Amino acid sequence: MENVKLVEKVVNAPEKLKQPRRLFLSNIDLALVVYQETVIFFDPPSNGMSFSEAYHSLFHTLGPLLAEYDFLAGRRVPSLEDSNHFEIECNGAGVVVAAARTDTKLDEFGELLVPKKEFRQFVAFLPQEAEEMDHKDKPLVSFQFTQLGCGSLVFASRFNHCAVDGVAVREFE
């Protein structure tokens, strides 16, 4: 089932940068510095839109959206006052967006209501938590858009919990 091939991977920055600033992270935010993932499945587009068109539509929509939610395109950095405390630097560094394809069909996954290890392939091309990368270089948000062999689409996201919680992720998506 895990025959996912990367089509494209880019960093998408906000369309317009706001004044650079830093956002304070509370101790509660810092207690959960983990990434949470969501996977959403869609039927094949009924309007005849190709995968490339759908992916590029998503990509071009993110620029204006990130201009409003600029902190999501920022990075977690040590505080200027206390290097043991972190903040979000709203610097427009961007989010990772990947497009992928697989021959696997949606019905091969069976029941979709419960998380499965097979779903990991839908975030396979996004920066991983265990990846050796300085935290100030690691994106707070990443997206992977995957086309299945049956034409269905999968939209997966990985958000750093210090930037948003589960409710905020649902509202953003």
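Visitor: What makes Phe 155 count as buried or exposed?

Guide: The model is a predicted one. A residue is buried under 20% relative accessible area, exposed over 50% and partly exposed in between, with a 1.4 Å probe and protein chains only. Phe 155 has a relative accessible area of 11%, so Phe 155 is buried.

Visitor: Which conventions apply to such values?

Guide: Residues are numbered from 1 along each chain as its sequence is written, and side-chain values use heavy atoms, leaving out hydrogens and water. As the model is predicted, local features need pLDDT of at least 70 and side-chain atom pairs count only at pLDDT 80 or more, while totals for chains, interfaces and linings use all residues.

Visitor: What is the mean pLDDT of the protein chain?

Guide: The pLDDT is the predictor's confidence in each residue, from 0 to 100. The mean for the protein chain is 85, and 88% of its residues reach 70 or more.

Visitor: Which elements have the lowest and the highest mean pLDDT?

Guide: Helix α3 (residues 166-172) has the lowest, 57, and strand β6 (residues 95-101) the highest, 95. Where pLDDT is low, the predicted coordinates should not be read in detail.

Visitor: How many helices and strands are there in the protein chain?

Guide: Helices (H or I, at least four residues) and strands (E, at least two) are DSSP runs, numbered from the N terminus. The protein chain has 3 helices and 8 strands, in the pattern β-β-α-β-α-β-β-β-β-β-α along the sequence.

Visitor: Why is the pair of Phe 51 and Phe 145 called by its particular name?

Guide: Rings of Phe, Tyr and Trp (its six-membered ring) pair if their centres lie within 6.5 Å; planes under 30 degrees apart count as stacked, over 60 as edge-to-face and the rest as tilted. The structure holds 11 aromatic pairs. For Phe 51 and Phe 145, the ring centres are 5.6 Å apart and the planes stand at 15 degrees, so the pair is stacked. Phe 51 lies in helix α2 (residues 51-68) and Phe 145 in strand β7 (residues 141-147), 94 residues apart. Phe 51 is buried at 5% relative accessible area, and Phe 145 counts as buried at 8%.

Visitor: What makes the pair of Phe 145 and Phe 155 stacked or edge-to-face?

Guide: The centres of these two rings are 6.4 Å apart and their planes stand at 70 degrees, so the pair is edge-to-face. Phe 155 belongs to strand β8 (residues 153-160), 10 residues from Phe 145. Ring pairs link Phe 51, Phe 143, Phe 145, Phe 155 and Phe 159 into a cluster.

Visitor: How do you know that β6 is mostly covered?

Guide: Of the 7 residues of β6, 6 are buried.

Visitor: How many bridges join β6 to strand β1 and to β7?

Guide: Two strands pair if DSSP finds at least two bridges between them. Strand β1 (residues 5-12) is joined to β6 by 7 bridges and runs antiparallel, with Val 10 opposite Val 97. β6 and β7 run parallel and are joined by 6 bridges; there, Val 96 has Ser 142 as its bridge partner.

Visitor: What is the order of the open sheet of 3 strands, and why do β2 and β4 stand at its edges?

Guide: The order is β2-β5-β4, with antiparallel pairing. β2 (21-24) and β4 (75-78) each have a single partner strand, so one side of each is left without a neighbour in the sheet. β2 pairs with strand β5 (residues 86-90) over 4 bridges, and Leu 23 has Ile 88 as its bridge partner.
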